[in-house]
Amino acid sequence: MLVLGVALRAVTLAAYRPSLLYIDSYRYLNLVRTMNPATSQTLGYVFFLWPVLKVGNLFVVALGQHLMGLSIGVAIYVLCMRYGISRWIAAAATIPILLDAYQLQIEQNVMSETLFEALLVGAMLALLWNRRPSIRALVIGGLLLGLSVQVRIVSLPAIVPAVIFAFVCGPGGWRRLGRATTIGLAFLIPVVGYMGYYRSQTDNWGLTTGDAHSLYGRAAQIVDCKTLSLPSYEQLLCPRVPLSQRVGVDYYAHTYPVADLITLPKDQTLRGVLRDFTRRVFKNQPLDLVHAVATDFLKGFRWDHTDAQGDVTVKRWQFQTYFPNLGRDDPNAATTRWGGGTPTVVKPLASFLRGYQMSVGYTPGPLLLLAFLAGVLGGCGLFRARRSRLRAVCWLPTLTGLGVLLAADFFEFSWR
């Protein structure tokens with residue numbers, strides 16, 4: 001599996017030079033120069049990009065991310081072997097990370113996903129290396145989870161199962177509280193540190209500015225303004241089309257002209273108004289919110305990577321036989337500025353990767369669902385797991401994955 005993973009990544013690196021550039025890639029590259037936290041992107045990935053681009057170029061970024069992907073696969077295999085799992089099951093567990101073409105494509109992009117995955121898996125490796133993690137392991141795991149929040153804020157819920165795991169995985173008494181407190185404090189160090197930097201630059205506490213528009217997109221998708229009491233200046237935020245005719249969350253979050261719809265009161269900001277509108281909608285329609293998030297969550301378990309109405313198109317995460325340019329930014333200008341050579345596609349290799357991705361080179365959703373259910377059954381102690389001492393070990397990665405996916409789907413579903 002590892003040899004195949006190396007071969008596929010070598011083909012990907014050769015097919016798209018120097019790397020793939022998505023819409024967000026240009027924002028990250030701009031942040032390397034400004035280090036301004038008052039944007040929709042947190043700066044955790046930028047902290048990785050900055051030193052790499054100082055000594056290398058965009059090709060080196062893609063190469064580094066492919067090495068991260070391979071390392072994640074190795075980490076999964078080693079951890080499985082450490083717990084006595086048979087070699088073929090341990091090897092099979094690495095297939096979604098080593099051989100999935102969607103994973104290869106995101107590693108080739110100048111995007112934060114691969115670093116985010118590496119931090120989460122690194123935290124799991126630290127916490128699960130021994131059945132009773134040491135204080136040092138708890139500190140390392142907490143720090144890595146905290147750093148992952150700086151990369152993608154959807155990992156905030158991951159600290160909950162980690163604290164519970166630390167509480168139950170060793171001797172009882174006051175030592176339980178000590179372990180839980182240790183990992184909690186370790187998690188807070190990078191999170192609070194980043195919030196302090198954010199405050200020093202913006203005079204406000206926070207992590208990102210992107211939550212207001214993203215959550216407004218979710219609220220606009222479900223809001224029934226006939227049942228909602230709103231200030232007059234917020235009423236124009238209600239979409240005029242009926243619920244059944246509304247497009248997806250992404251449109252309302254990123255394209256809908258909210259700034260042109262309302263006249264802000266003198267003491268209000270647009271982000272503040274959007275957050276207030278969203279809070280009112282979620283409080284008034286909690287069941288509609290749960291239904292929308294659950295519907296999006298289940299989309300990830302479909303067999304094929306297909307689009308539902310209003311979704312961000314999956315085409316963005318598929319290999320193409322041309323160099324993709326989805327926004328208004330110029331890839332030639334980016335490669336000139338950051339190095340790596342002219343944007344180039346080797347068509348035969350790109351065609352091979354696309355054919356692989358569109359045929360067998362993806363992880364079917366039901367397989368992920370079975371893996372999730374296996375973690376739940378093991379954690380509940382059903383069947384042979386009844387006498388196992390690994391129930392907490394099953395719960396930690398299962399609930400971490402569930403929390404991250406639900407947090408992402410709370411904003412919107414995307415195959416990304």
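User: Before we start, what does buried mean here?

Analyst: Buried means under 20% relative accessible area. The model under discussion is predicted.

User: Is Ser112 buried or exposed, then?

Analyst: Ser112 has 0% relative accessibility, so it counts as buried.

User: Where does Ser112 lie, and what does it touch?

Analyst: Ser112 sits in the loop between helix 7 (101-108) and helix 8. Apart from residues up to four places away in sequence, Ser112 touches Tyr28, Tyr45, Val151 and Arg152.

User: Which side chain makes a polar contact with that of Ser112?

Analyst: The side chain of Tyr28 does, and the polar contact is 3.3 Å.

User: Let us step back to the whole chain. How many helices and strands are there?

Analyst: The chain has 20 helices and two strands. Its radius of gyration is 22 Å, close to the 22 Å that the globule rule gives for 416 residues, so the chain is as compact as a globular protein of that length.

User: What does the C-alpha trace span along its principal axes?

Analyst: The C-alpha trace of the chain spans about 65 × 60 × 45 Å.

User: And what about burial and surface?

Analyst: Of the 416 residues of the chain, 47% count as buried. The accessible surface of the chain comes to about 20200 Å², and 63% of that surface belongs to carbon and sulfur atoms.

User: What share of the contacts in the chain between residues at least 6 apart join residues at least 24 apart?

Analyst: The share is 74%, with both separations counted in sequence.

User: On to helix 11. How far does it reach?

Analyst: Helix 11 covers residues 174-202, 29 residues in total. From its first C-alpha to its last it reaches 40 Å, close to the 42 Å expected at 1.5 Å a residue.

User: Where does helix 11 bend?

Analyst: The bend is at Ile189 and amounts to about 30 degrees. A proline, Pro190, follows within four residues.

User: Which residues of helix 11 are buried, and what do they pack against?

Analyst: Among the buried residues of helix 11 are Arg179, Ile183, Ala186, Phe187, Pro190, Tyr194 and Tyr198. The buried residues of this helix pack against helix 3 (44-55), helix 8 (113-128), helix 9 (135-151) and helix 10 (159-168).

User: What follows helix 11?

Analyst: Asp203 follows helix 11, and its phi is positive, near 70 degrees.

User: What are the phi values of Met35 and Phe383?

Analyst: Met35 is not a glycine, yet it has a positive phi of about 50 degrees; it lies in the loop between helix 2 and helix 3. Phe383 has a positive phi near 60 degrees and is found in the loop between helix 19 (365-380) and helix 20 (391-411).

User: Is Phe383 buried or exposed?

Analyst: Phe383 counts as exposed, because its relative accessibility is 63%.

User: Is the peptide bond from Arg17 to Pro18 cis or trans?

Analyst: That bond, from Arg17 to Pro18, is cis, with omega near -5 degrees. Pro18 lies in the loop between strand 1 (16-17) and helix 2 (23-34).

User: Last one: what is Met81 in contact with?

Analyst: Leaving aside its neighbours within four places in sequence, Met81 is in contact with Arg87 and Ala90. Met81 belongs to helix 4 (residues 58-82) and is partly exposed, with a relative accessible area of 26%.

Notes
Residues numbered from 1 in each chain as written. Predicted model: local features only at pLDDT ≥ 70, side-chain atom pairs only at ≥ 80, totals over all residues. Heavy atoms only, no water. Expected span 1.5 Å × (residues − 1). Bend = angle between axes of the 7 residues up to and from the residue. Buried < 20%, exposed > 50% of the residue type's maximum accessible area, 1.4 Å probe, protein only. Contact = heavy atoms within 4.5 Å. Polar contact = N/O pair within 3.5 Å; in protein donor to acceptor, adjacent residues only side chain to side chain. Rg over C-alpha atoms; globule rule 2.2 N^0.38 Å. Areas by Shrake-Rupley, 256 points an atom, 1.4 Å probe, with all protein chains shown as cover.
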